[in-house]
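Hi,

Here is the structure I promised to pass on. Have a look at it first, and then read on for what I found.

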Amino acid sequence: MEKDFLKISESESDFEKKIELVTENMEELNISKVNRIKIKEYKDYYDENMGSTDSDFIKTKKCLEIISKLDWKRTLKEEKINISKMREFLNKKHYGMEKVKETILESLALRYYMRKSGEKMPMIICLAGSAGIGKTSIAEAVSEALGREFEKISMSSVTTVFELTGLTKGYTSAAPGRIIKTLAKFESDNPVILLDEIDKINKKNYDGDIEGVLLEILDPDQNKRFRDEYLEIEYDLSNIIFLATANDLGKISEPLKSRMEIIHLESYSLEQKVEIAKKYIIPSINKKIASKLVFEDDILRYIIENYTNEDGVRKLKTILMKIYGKIAKDALEKKEIPQISLENIDSFICADKIPDVSLKINADEESVGEVMGMAVTSFGGRAMPIQTVIVPGNGKTKITGNLSDIMKEGIDVAITYIRSKSKEFNLKNPDFFEKNDIHIHFSENSIPKDGPSAGIAIVTSILSALNEKEMKHNVAFTGEITILGKVLPVGGVARKIEGAYKSGIKRFFIPKENESSINLINKTILNDIEIELVENYEQIYSKIFVTFS
């Protein structure tokens, strides 16, 4: 019968018996020669100084306690997973997100077969999307479905490399790193560790390069020899499943992004939020407080549209809790509680309604150089007018409207693209970049504007000004443009369209690669609008400047 060196009874579960088992059986436990020397050094020092209150003894004891809790069996065998059961579990935990869940299952299945054949296959998925959309809860669900322990490390709070790698014992504040502490806490070598908000790491400071440490931790060729500076031993991290979340991929370096598979989580549509409230949030609250409260769909829609404006459902849950709180308070005061209806729902909510930020547009109006872009703000989607004026000059470009560097670069890309196509676009002044100045303005200076999604709207605005072509205000555009005219996908398309629709816009040009976003749009709106899917700018030009010229 095979001896399990680390399995001891509850009555023998003090660390001294555990470390004794480890030190006596290091070869059988597959502990490396270098680690054996260090562990023996700690054990000898501990035995020789038993009962000491010296700081070195205390730190040595702490090292041995952690070493005794680490999983040294190191079989590194991947357990077979039941994909059907995992899918069923993830569906139970999360509404929708089929593409996200299937991608995760594919990665888990591939990891199993590669590890089974001895190949390195890191499981490093980054869930990218807006706050409150369910990134962390998906990671927790993956851990639960696999039957593995779960630990979240908030990267925004990691300010030094030592929090990950440990700080050597020579310092008074010396301590093991978060990775090793997590493995010791669970006494397991294969937990799921979530690197939460990995886009908020402090990349470099005087205490070291945090991003550099992450690159090592996430690299299958390096993490099998991860060294904790406090323990001064190496430990293989390859059995860990690392997941990450990010709100803004633009803040993550290319080397770090290359270590991860990026999965984008789209914003929830109005109808999806209603379903999530009915199937997950409300049943969960009812179970916790033994309630049977039910909300009609039209009441939920009213709450969502008037009290929340978010990609996820975090604020929706908060508002629903406020309603339950109001009812609970009135019940304790023995007040009469009316049936919830559309007419009285506001009286149940102690919160301000979200302001109406929709821009009022005269859909019948036309003007030269003015084009409707789209944006997503903290209050939701909206139309964003972009205006271009051409004046005599010597090729200067003036940009106003509180724009980020990314948007300014997008304007440079747009101008170069137009110059390269001056013949195809039949420019009235093909040498505009030598004899004219261009002033491009984004309305509402008080609102910061960021991201590349205004690319095709910028090109259209400049072309309209150059060719003195009037543009209808009932058309809006979103999509990144490349220097060769390819239209790239962008985020928040459904929310942008729903917000712009409130301004009276009925026709939309969006990237072909964002076609799946159409399913997220409110069906009532979808039946009243026209959506054009485009892959390159020439398709837009033929429909806007040629067809109606």
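A cut-off before anything else: I call a residue buried when its relative accessible area is under 20%. Also keep in mind that this is a predicted model.

With that cut-off, helix 17 is mostly covered, with eight of its nine residues buried. The buried ones are Val493, Ala494, Arg495, Lys496, Ile497, Glu498, Gly499 and Ala500. What do they pack against? Their contacts are with strand 9, strand 10, strand 17, strand 18 and helix 18 (523–526). The helix itself, residues 493–501, lies across strands 9, 10, 17 and 18, and runs at about 80 degrees to strand 10.

Seven strands make up an open sheet with mixed pairing, in the order 11-12-10-9-14-17-18. Strand 11 (397–400) and strand 18 (530–534) are at the edges; each has a single partner strand, so one side of each has no neighbour in the sheet. From one strand to the next, the twist averages 25 degrees.

At the strand 18 end, the pairing with strand 17 (residues 507–511) is parallel and runs over five bridges.

Cheers

How values were computed
Residues are numbered from 1 along each chain as its sequence is written. This is a predicted model: local features need pLDDT of at least 70, side-chain atom pairs count only at pLDDT 80 or more; totals for chains, interfaces and linings use all residues. Side-chain values use heavy atoms; hydrogens and water are left out. Two strands pair if DSSP finds at least two bridges between them. Helices (H or I, at least four residues) and strands (E, at least two) are DSSP runs, numbered from the N terminus. Axes are lines fitted to C-alpha atoms, for helices over the stretch in contact, and angles run from 0 to 180 degrees between N-to-C directions. Contact means heavy atoms within 4.5 Å. Buried means under 20% relative accessible area, exposed over 50%, partly exposed in between (1.4 Å probe, protein chains only).
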